[in-house]
Amino acid sequence: MSDTIIEVKDVYKCFWVGDVPFPALNGVDVEVKRGQFMVLAGRSGSGKSTLLNVIGGLELADRGTVKVCGRDFNETPADERTRFRLRNIGFVFQAYNLIGVLNAMENVAFVCQLQGKENSECMDTAKHWLTEVGLGKLLDRRPHQLSGGQQQRVAVARALAMNPALVLADEPTANLDSSTGRELIELMTRLNEDFETTFLISSHDPAVLAAGSPVIHLEDGRLLSTDPNRPPPQPPQAACAIPQRNWGQRFGAWITGKS
């Protein structure tokens, strides 16, 4: 088994407003080893969330290679990417994304049930991970009965209940006060050390950056580098080069679903 769990090479991802291109990722290269607790640093708009989405297979890169556990997402059909994600990648979102009508244990068990496991096994798994994150006495609480920090702990438990090779966390402390945020990061670093689960976290929170090993910095869709031989970023029209189409062609493509 390779030590490399994430391999991103020369990746571009662009968004368009009419004919105006915005390169969210402009030639990004990232390699993450198994067991690392890597932090992707950068201010809002630097491309952190887009990079996580591309690594998680939620979006496809326009150009370049994205491999997770050896799987090339650009060469993988959408349904296979979904199945792969369900079994290999746990997500922790900034806004928690818990299901409001389910209690903590049911929220964590749900992803296990999606994997096709027996309900009793999923409930046992949910209880184990909620206890592991310090919520063993709050199993029956629904999201609105939990604090922000507690909800994010449920989200971490849900991600780990999948037994993933990789956890992607997008600004996990952004909606938390500083004390609760530090507690969450201490929890995640402990889980990383105890279970050797690989974490890739996007953040501009100093407490998160202090915990990262390593920390890589993203700015304007590019990793910061001191390499004097590194080529300059491509201008938007080059980074986002696509065949030019008039308004009628673009509208027709949108209606038919054909790019």
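What follows is a short exchange about a predicted model and the terms used for its parts.

Reader: Why are α3 and α5 called roughly parallel?

Author: Take the angle first. The axes of α3 (residues 104-114) and α5 (residues 148-161) cross at roughly 30°. Angles under 35 degrees count as roughly parallel. Therefore α3 is roughly parallel to α5. The two axes come within 8 Å, and the crossing is right-handed.

Reader: Which residues make the contact of α3 and α5?

Author: From α3 come Ala-104, Asn-107, Val-108 and Val-111. From α5 come Val-154, Ala-157, Arg-158 and Ala-161. By class, six are nonpolar, one is polar and one is charged.

Reader: What makes α5 and α6 roughly parallel?

Author: Again, the angle. The axes of α5 and α6 (residues 178-195) cross at roughly 15°. The limit is under 35 degrees, so α5 counts as roughly parallel to α6. Their axes come within 10 Å. The crossing of α5 and α6 is right-handed.

Reader: Which residues of α5 and α6 are in contact?

Author: On the α5 side they are Gly-149, Gln-152, Arg-153, Val-156 and Leu-160. On the α6 side they are Thr-180, Glu-183, Leu-184, Leu-187, Met-188 and Leu-191. This contact has six nonpolar, three polar and two charged residues.

Reader: How many residues are in the largest nonpolar core, and which have the most contacts inside it?

Author: The core has 37 residues. Those with the most contacts inside it are Leu-130, Val-133, Val-154, Val-156 and Met-188. Helices α3, α4 (119-132), α5 and α6 each supply at least two residues, and so do strands β3 (37-41), β7 (166-170) and β8 (198-203). The largest share, seven residues, comes from α5.

Reader: What does Met-188 touch beyond its neighbours within four places in sequence?

Author: Met-188 is in contact with Phe-37, Val-156, Ala-169, Phe-199 and Ile-201. There is also a second, separate core of 27 residues. Its members include Val-11, Leu-40, Leu-52 and Ile-216.

Reader: How do you know whether Val-11 is buried or exposed?

Author: Compare its value with the cut-off. Val-11 has 0% relative accessibility. Buried means under 20%. Val-11 therefore counts as buried. Val-11 lies in strand β1 (residues 4-17). Apart from residues up to four places away in sequence, Val-11 touches several others, among them Leu-25, Val-28, Val-54, Ala-61 and Val-66. Val-11 and Glu-219 are 208 residues apart in sequence, and their C-alpha atoms are 14 Å apart in space.

Reader: Why does Thr-50 count as buried?

Author: Thr-50 has a relative accessible area of 12%. The cut-off is under 20%, so Thr-50 is buried. Thr-50 is found in helix α1 (residues 48-55). Not counting residues up to four places away in sequence, Thr-50 touches Lys-13, Phe-15, Ala-24 and Leu-25.

Reader: Which residues of α2 are buried, and what covers them?

Author: In α2 (residues 78-88), the buried residues are Arg-81, Phe-84, Arg-85, Leu-86 and Asn-88. Their cover includes β4 (63-68), β5 (71-72), β6, α3 and β7.

Reader: Why is Ile-99 called partly exposed?

Author: Its relative accessibility is 31%. Buried is under 20% and exposed is over 50%, with partly exposed in between. Ile-99 therefore counts as partly exposed. Ile-99 lies in the loop between β6 (89-92) and α3. Leaving aside neighbours within four places in sequence, Ile-99 is in contact with Asn-107, Phe-110 and Pro-143. Ile-99 and Pro-143 are 44 residues apart along the chain, and their C-alpha atoms are separated by 7.5 Å.

Reader: What is the phi of Glu-171 and of Asp-220?

Author: Glu-171 has a positive phi of about 50°, although it is not a glycine. Asp-220, also a residue other than glycine, has a positive phi near 55°. Glu-171 lies in the loop between β7 and α6. Asp-220 lies in the loop between β9 and β10 (222-223).

Reader: Where is the cis peptide bond?

Author: The cis bond joins Ser-213 and Pro-214, with omega about 5°. Pro-214 is in the loop between α7 (206-211) and β9 (215-219).

Key: Residues are numbered from 1 along each chain as its sequence is written. This is a predicted model: local features need pLDDT of at least 70, side-chain atom pairs count only at pLDDT 80 or more; totals for chains, interfaces and linings use all residues. Side-chain values use heavy atoms; hydrogens and water are left out. Axes are lines fitted to C-alpha atoms, for helices over the stretch in contact, and angles run from 0 to 180 degrees between N-to-C directions. Helices (H or I, at least four residues) and strands (E, at least two) are DSSP runs, numbered from the N terminus. Angles under 35 degrees count as roughly parallel, over 145 as roughly antiparallel, 65 to 115 as roughly perpendicular and the rest as oblique. A crossing is left-handed if the near helix is turned anticlockwise from the far one by less than a right angle, and right-handed if clockwise. Contact means heavy atoms within 4.5 Å. Ala, Val, Leu, Ile, Met, Phe, Trp, Tyr, Cys and Pro count as nonpolar, Asp, Glu, Lys and Arg as charged, and the others, Gly among them, as polar. Buried means under 20% relative accessible area, exposed over 50%, partly exposed in between (1.4 Å probe, protein chains only). A nonpolar core is a set of buried Ala, Val, Leu, Ile, Met, Phe, Trp, Tyr and Cys residues joined through side-chain atoms within 4.5 Å.
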